Amino acid sequence: MNRVAGELSDLQVDAQGNLRHLLTIEGLSREHVVRILDVAESFLGVNDKSIKKVPLLRGKTVVNLFFEPSTRTRTTFELAAKRLSADVLNVNISASATTKGESLLDTLRNLQAMQCDMFIVRHSDSGAPHFIARHVEADVAVVNAGDGWHAHPTQALLDVFTIRRHCADFTQLRVAIVGDVQHSRVARSQIHALNVLGAAEIRVIAPRTLLPDSIEDMGVRVYEDIHTGLKDVDVIIMLRLQHERMLGALLPSEAEYFSTFGLTPERLAKAKPDALVMHPGPTNRGVEIESSVADGPRSLILEQVTNGIAVRMAVMSLIAGPARPPEPA
Amino acid sequence: MNRVAGELSDLQVDAQGNLRHLLTIEGLSREHVVRILDVAESFLGVNDKSIKKVPLLRGKTVVNLFFEPSTRTRTTFELAAKRLSADVLNVNISASATTKGESLLDTLRNLQAMQCDMFIVRHSDSGAPHFIARHVEADVAVVNAGDGWHAHPTQALLDVFTIRRHCADFTQLRVAIVGDVQHSRVARSQIHALNVLGAAEIRVIAPRTLLPDSIEDMGVRVYEDIHTGLKDVDVIIMLRLQHERMLGALLPSEAEYFSTFGLTPERLAKAKPDALVMHPGPTNRGVEIESSVADGPRSLILEQVTNGIAVRMAVMSLIAGPARPPEPA
Amino acid sequence: MNRVAGELSDLQVDAQGNLRHLLTIEGLSREHVVRILDVAESFLGVNDKSIKKVPLLRGKTVVNLFFEPSTRTRTTFELAAKRLSADVLNVNISASATTKGESLLDTLRNLQAMQCDMFIVRHSDSGAPHFIARHVEADVAVVNAGDGWHAHPTQALLDVFTIRRHCADFTQLRVAIVGDVQHSRVARSQIHALNVLGAAEIRVIAPRTLLPDSIEDMGVRVYEDIHTGLKDVDVIIMLRLQHERMLGALLPSEAEYFSTFGLTPERLAKAKPDALVMHPGPTNRGVEIESSVADGPRSLILEQVTNGIAVRMAVMSLIAGPARPPEPA
C-alpha cells in the first residue's frame, strides 16, 4: 500500500476500524471485505422474499449524486436504498452546471444542510468521491459509484461476492480479467479485491495498448494472447469495451477486437471445465463476448446484477445503518 | 377469437384461470373483467380517504418501462403503485438507446435480475408487451400501458368501469365511439371490453379513411355521419385526434374535422337525453369536442381520470398482490 | 393592505382564519406567521434525529408542479414532503407544453382528479399560483414556490425563522436587503414578512435602476450607497443577482456590481459587530458576496437551507396535515 492509498484508507475507515465511507478497495482489510460479503449474504434472502424491505435506513436520505449519467448503476443504488427503506433523491448534475453558477463544494454543502445522510457519487474525474468525503460532516457517508478510471468498489465487491458463492476458497483460485484494463475502474477495483481475499493468481489479458504501464506492480500476470491466458483459470471476468475507445488509435475495429479478445466457446474451453464467466454489463454481444457464452450455463452475468443489489444494501447499511446490522442468515 | 388472440389469452391467464399479465382485453372472460371492476370499486373508497394507502404491494418493485414518452399515463400508474405501497422505478428508454448498446431483452433481464416484480410497458410497437411477457420469469407480471395501434387495456377497463358506475346493465346500452379508430389502441380495447360485457350495440363514427378495413368483424356498426350515428345512444366516447395524423393526407384540417366530427351541443342532443360523454384525454378542445360539452354536466372526463387510478390499482393488486385482494366494499 | 392583497388574503385564509394555501405573505397576520415558525421549530428536532420522518402527511400526494426549472427549490420541497411521509410526484411542465396540447387548467383538473392533495407551484408568471388556488377543489392546497417577480413566501418565512433563532425580538431589529430588489420575488416577500413581525427598520440598498418605483410605499428606507446603508444594521440579506439581468442595460458588469454592492469584510464592518449575513442561495461568489464573508462566522447561508426544510414541513403540515399538528417542542 503506497502513501496515497494509506491516506485514502484513513479517510474511509475510522479510528475504531469501522467503515465510514466506501471510496476504494485499497486499504480495506480482509475483515472489512468479508464483513460486507457476509452482510450481503443476509440481504440476498430479503430480496428473494415477497416483501423485499427492511427498515435499516428508514428516515435516512440517500442522494444519488451523479455527475456522469448512468441509468443502470443509479437504478441499482436506488433500489438498494429503497429496500432499506431510505428516502432517495436523484440529483443529476452535468459537469458544466457545477462550473457555471455553483461549485461542487457549494452543491455538497447545500445537500448536507438539507440533512442528507449519504451521497452515492459518480464522477468522470478520478478522486471526486474522495474530495467529497474529505469535505463532508462527521455524520455523512460517501459511496463511490465509479470515478474516472480510478475505482468502482461496489462493482468489485459484488464480483467477489458472486465468485465466493460458487468457490469459497479464494486461495485456490486463478482469475483472468480480459479486456481494456487501461481505462477500466472496474478492473482496478477487482484486482484490489481479489488481492485482499488472497486469490492464488490474477491474470490480465489485453493488448499492450490497453494496459497501464505498471500493471505488474498490482500483483498480476500479463498475457497478450487469450488462449494461453485463459488456460486452466477458474474465473473469467470480461471487461466492457467502451465504444468511445474505438474512435482513437488504440484499437483497429470491434470485429478485430472480437477476433483477438472476444470470449468464444472455443476459448472458454481452455479454462477449467467448470470455469465461471462474468461481465459487469451491459455486454456488447459479439464484441467482448459471444452471445452463446453470455447466455450459456457458466455465465453469472445476471447473478452479478442480483448480487449487486444485496452488496450495495450491505455497504449502505454498514456505513449508515444502526450500530449493529443484521447477522448473516 | 382468432388463433393469435387465443395465444395471447394463454399468455395472460394461467392454467387456473387467474390473470397473470394484462396485455389485451382479447381473450379475457366476462368474469375476469367483472372481477377487476369489482376490486376497483373497493379502491375508489381508498382514494377518497384522507390516507390513500393500502399495503397490498408493500416491498414489491414496480417498473414503469416506457419506450414511448407519456407523462400522463406514467403518472397514473406511478400513483396507483405508490398507493398500493410499492416501490416505483421510472425507466424511460428511447427506442434508439435499446438498439445502440443493449437489446430490449438484455434490459429486461437486468431489471428482472434486480428482482423487480412488475413491468408497466408502453411501446410504440404493437406486441412489445407480449414479447416481454413471453420472456419474463414466472413471478414477474407485465401490464400493457399502450402498444402501437394495438391495445390499451387499462384505459378500456377504466372506461367500462366508469360506464358501469352510471348504467349497471350493459345489455341495454348503445355506445358510440367517435374519431380516428384506425390509429387508436384505445378504441380497439374499448370495443373488446364492451363486447365482453355484452353491450347491446357498439357504433363507430368516423370517416372511412380513419377506419380499419375489417372493423365490422369486431361486431360494430359503422356510421360516417355523426348525426345518424349518435341517434339514441347512451354513451358517447370521443377519441383523441393525434396531431401527427394531420400532417398526412388522411384529414384536411382540424377545423374541418371539428365541423364534421366534433361533438357540439347540437350533436349531443341527437343522443339520449341523459347520454354520457367520455374522452380518454387529453382533449383537444375545439377539435374533437366543444369546450362547453367537455365541461358540461354529462361529461365524465375527469371521473375517468379518477377511476383510472382505482382500476390500475385493481389490475396491479390482482396480478401481483397477495392471494386474496380485498373484497369489494 | 390594498384591495388585491385583500382578495389574496381571502383566498389563502379560510373563514375560521386557518391557512388554506400559502400564496404570499401579504394578508397573513402576525399569528399566522408565528404559528408557522413555531411549528417549524418542532420540525428542526425531527431533522436532527436519526430517523427523520413523521407520519403527518402519510397517504397524501404532494405534486411538485414546476413550470420553471429549479432543482434546488424542488429538492427542498421534495425532502420536506417525504419527511412528512407524503407520496411525491414531480411534474415538470415547460411553458410551451401547456400552450400546445393542454391548458394549465386541464393539467390541474387532471392531477386533481387523480386525488392529489397539494400542489407546490413554481411559475415564471406572477399570479400563477393564485390562479391555480382559485380553481382547485375545497380539499386541495396550493403552495407558491416562486412566481415571476411577485412572491416566494416560503423563502421569506425561512429567512425570518433563521433571524428569529438568533434575535427573538424583531422590534429591535434593523435589516438591510441588498441587491436587485426590482426583479426579486424573494425581496418582496421578505419585506412583507419583516413588516408583519414588526421589524424596527427595513432598508433596501440598490442602484435606482434595480428598485421598483414605489418601493418606499412598502415601508422601507432606500439607500444607494452600501456604506451608509449597512451602518449599524443587525441583519444583512444579500439578494442573488440573476445572470440574465447583466445582459440588459441595467448593470454595467459583474465586476462593477461587486465593486459597488458586493459584501466585503470592510463593508460588513459598518454593520453591528454581531450582524448576521444571509443569502437565499445559490451565491455568486465574487459578485454579490466575497467568499470569505459567505463562509465566515457571521454567515447563516447554510443554516437557511437547513431551516428551509423545517419551514416547508411546517407550511405543508399546517395546510394539509391532520387538524392538530405537533405542538412546538
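**Ground rules.** Residues are numbered from 1 along each chain as its sequence is written, while chains are lettered from A and ligands numbered from 1 in the order in which they are written. Because this is a predicted model, local features need pLDDT of at least 70 and side-chain atom pairs count only at pLDDT 80 or more, whereas totals for chains, interfaces and linings use all residues.

**Entry: how the chains are related.** I began with the general rule that two copies of a chain are related by a rotation about an axis and a shift along it. The copies are superposed by least squares on the C-alpha atoms of residues with pLDDT of at least 70 in both. Chain A goes onto chain B by a rotation of 120° with 0.0 Å of shift along the axis, at an RMSD of 0.0 Å. This is the relation of a three-fold axis. For chain B on chain C I noted a turn of 120°, a shift of 0.1 Å along the axis and an RMSD of 0.0 Å. Which residue of chain B comes closest to the rotation axis? B:Asp87 does, with its C-alpha at 6.3 Å.

**Entry: where the chains touch.** Two residues are in contact if their C-beta atoms, placed from the backbone, lie within 7 Å. Helices (H or I, at least four residues) and strands (E, at least two) are DSSP runs, numbered from the N terminus. Between chains A and B, the contact takes 18 residues from chain A and 14 residues from chain B. On the side of chain A, helix H3 (71-83) and helix H14 (301-320) are the elements that give two or more residues.

**Entry: a sheet in chain B.** Two strands pair if DSSP finds at least two bridges between them. I found an open sheet of 4 strands in chain B, in the order S2-S1-S3-S4 and with parallel pairing. Its edge strands are S2 (87-92) and S4 (141-147), each of which pairs on one side only. Strand S1 (residues 61-66) and strand S3 (residues 118-123) of chain B pair in the parallel sense over 5 bridges. Within chain B, B:Val62 stands opposite B:Met118 in S3(B).

**Entry: B:Ala320.** This residue is in helix H14 of chain B. Is B:Ala320 buried or exposed? It counts as buried, with 22 C-beta neighbours inside 10 Å; the cut-offs are 20 or more other C-beta atoms within 10 Å for buried, 12 or fewer for exposed, and partly exposed in between, with C-beta atoms placed from the backbone. Leaving aside neighbours within four places in sequence, B:Ala320 is in contact with B:Leu57, B:Lys60, B:Asp117, B:Met118 and B:Ala141.

**Entry: helix H2 of chain C.** The 19 residues of H2 of chain C should span 27 Å, and the end C-alpha atoms are 28 Å apart, which agrees. Its buried residues include C:His32, C:Val33, C:Ile36 and C:Phe43. The buried residues of H2(C) pack against helices H3 (71-83), H7 (153-166), H8 (185-196) and H14 (301-320) of chain C.

**Entry: backbone exceptions.** Most residues other than glycine have a negative phi, and most peptide bonds are trans. The bond from A:Gly281 to A:Pro282 is cis, with omega near -10°. A:Pro282 lies in the loop between strand S9 (276-278) and helix H13 (291-294) of chain A. In chain C, the bond from C:Gly281 to C:Pro282 is cis, with omega near -15°. A:Asp232 is not a glycine, yet it has a positive phi of about 65°. With 11 C-beta neighbours inside 10 Å, A:Asp232 counts as exposed. C:Gln115 has a positive phi of about 60° and is buried, with 23 other C-beta atoms within 10 Å.

Note on methods. Expected span 1.5 Å × (residues − 1).
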